[in-house]
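Here is a quick tour of one protein model with its ligand. Have the sequence and the 3D view open as you read.

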Amino acid sequence: MTVNIVTLCGSVRPGNFTAMALALAEDELRRHNQVTVNHIDLTSLDLPLPGLEARNPVAIKQFHQTVEQAAGVLIASPEYHGGISSPMKLAIDNLGFPSMLAGKPVGILGVAAGAIGAIKSTEQLRAICAHVGAVPLPLAVSIAHVQQVFDGNGRCTDANAEKNIRRAATNLLDYINDAVCPKVSLEAILREQEQSD
Ligand SMILES: Cc1cc2nc3c(=O)[nH]c(=O)nc-3n(C[C@H](O)[C@H](O)[C@H](O)COP(=O)(O)O)c2cc1C
């Protein structure tokens, strides 16, 4: 069974560190057989502010469908002014009501320039995801002093941080494999049995 994971990066800043961290987590996801990674680029979506008409409704519909079809979502946000970034909030606000995230396991990754890391953004993401009916997973990963963790080429130079970032990916896969896949397989078996009866 293919496990389709959607990833969202909450920074649109050119050369941003959130994307560097997310790229590591995506690399970890791709190392696992039968996992496909669908990275959604928020800059190309031209997301409207809540309540305004979408300038590109086709892209928004596609965004909804991509998330709806995902087995899980990995979201990464920078810490901006003690919270999640506005692009990340805008992305979540554009996922509908009820939200396309409802029922989805969500892995959370946060990065920050400061010493306390992305504590507030990861906590906020957990609360927002739970509020829209998603299943935010425990052990959110927060990376402090992110400028010291990646070099100018986006390579991670901190083995411990790399381990933690990769763990954000494996946590999500473990949850899907342990809690979601057996249910899906069982349903398939029951459906097959019903058809043969
Ligand atoms: C608008 C704004 C607000 C920020 N606020 C914080 C903050 O509250 N705490 C912190 O540690 N870093 C803060 N930063 C620094 C970011 O955490 C830093 O740029 C980091 O690299 C993650 O953002 P990036 O993915 O855009 O690179 C802020 C950056 C911006 C642009």
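## Overall fold

The protein has 5 helices and 6 strands. Keep in mind that this is a predicted model. Starting at the N terminus, the elements go β-α-β-α-β-α-β-α-β-β-α. With a radius of gyration of 17 Å against the 16 Å that the globule rule gives for 197 residues, the protein is as compact as a globular protein of that length.

Along the principal axes, the C-alpha atoms take up a box of roughly 60 × 45 × 25 Å. Of the 197 residues, 45% are buried. The accessible surface of the protein is about 10300 Å², and carbon and sulfur atoms account for 54% of it. Now for contacts between residues at least 6 apart in sequence: 77% of them join residues at least 24 apart.

## Around the ligand

Which residues come closest to the ligand? Out of the 16 residues that surround it, the closest are Ser 11, Arg 13, Thr 18, Tyr 80 and His 81. By class, this shell has 7 nonpolar, 7 polar and 2 charged residues.

| Residue | Distance from a polar side-chain atom to a ligand oxygen atom |
|---|---|
| Ser 11 | 2.7 Å |
| Arg 13 | 2.7 Å |
| Tyr 80 | 2.6 Å |

How much of the ligand does the protein bury? On its own the ligand exposes 610 Å², and the protein buries 73% of that.

## Thr 122 and Ala 140

Next, a pair of residues that touch. Thr 122 sits in helix α4, which covers residues 119-131. Ala 140 is found in the loop between β5 (135-136) and β6 (141-143).

Is Thr 122 buried or exposed? Its relative accessible area is 6%, under the 20% cut-off, so Thr 122 counts as buried. Ala 140 has a relative accessible area of 23%, which falls between 20% and 50%, so Ala 140 is partly exposed.

Leaving out residues up to four places away in sequence, Thr 122 touches Ile 108, Leu 109, Gly 110, Ala 140 and Val 141. With its neighbours within four places set aside, Ala 140 is in contact with Ile 108, Thr 122, Arg 126 and Arg 167.

Inside the chain, a polar atom of the Thr 122 side chain lies 2.8 Å from the backbone oxygen of Ala 118. As for spacing, Thr 122 and Ser 142 are 20 residues apart in sequence, with 7.1 Å between their C-alpha atoms. For Ala 140 and Ile 128, the separation is 12 residues in sequence and 14 Å from C-alpha to C-alpha.

## Ile 60 in helix α2

The last stop is Ile 60, part of helix α2 (residues 57-68). Its relative accessible area of 9% is under 20%, so Ile 60 is buried.

Conventions
Residues numbered from 1 in each chain as written. Predicted model: local features only at pLDDT ≥ 70, side-chain atom pairs only at ≥ 80, totals over all residues. Heavy atoms only, no water. Near = heavy atom within 4 Å. Polar contact = N/O pair within 3.5 Å; in protein donor to acceptor, adjacent residues only side chain to side chain. Areas by Shrake-Rupley, 256 points an atom, 1.4 Å probe, with all protein chains shown as cover. Nonpolar A, V, L, I, M, F, W, Y, C, P; charged D, E, K, R; others polar. Helix = DSSP H or I, 4+ residues; strand = E, 2+ residues; numbered from the N terminus. Rg over C-alpha atoms; globule rule 2.2 N^0.38 Å. Buried < 20%, exposed > 50% of the residue type's maximum accessible area, 1.4 Å probe, protein only. Contact = heavy atoms within 4.5 Å.
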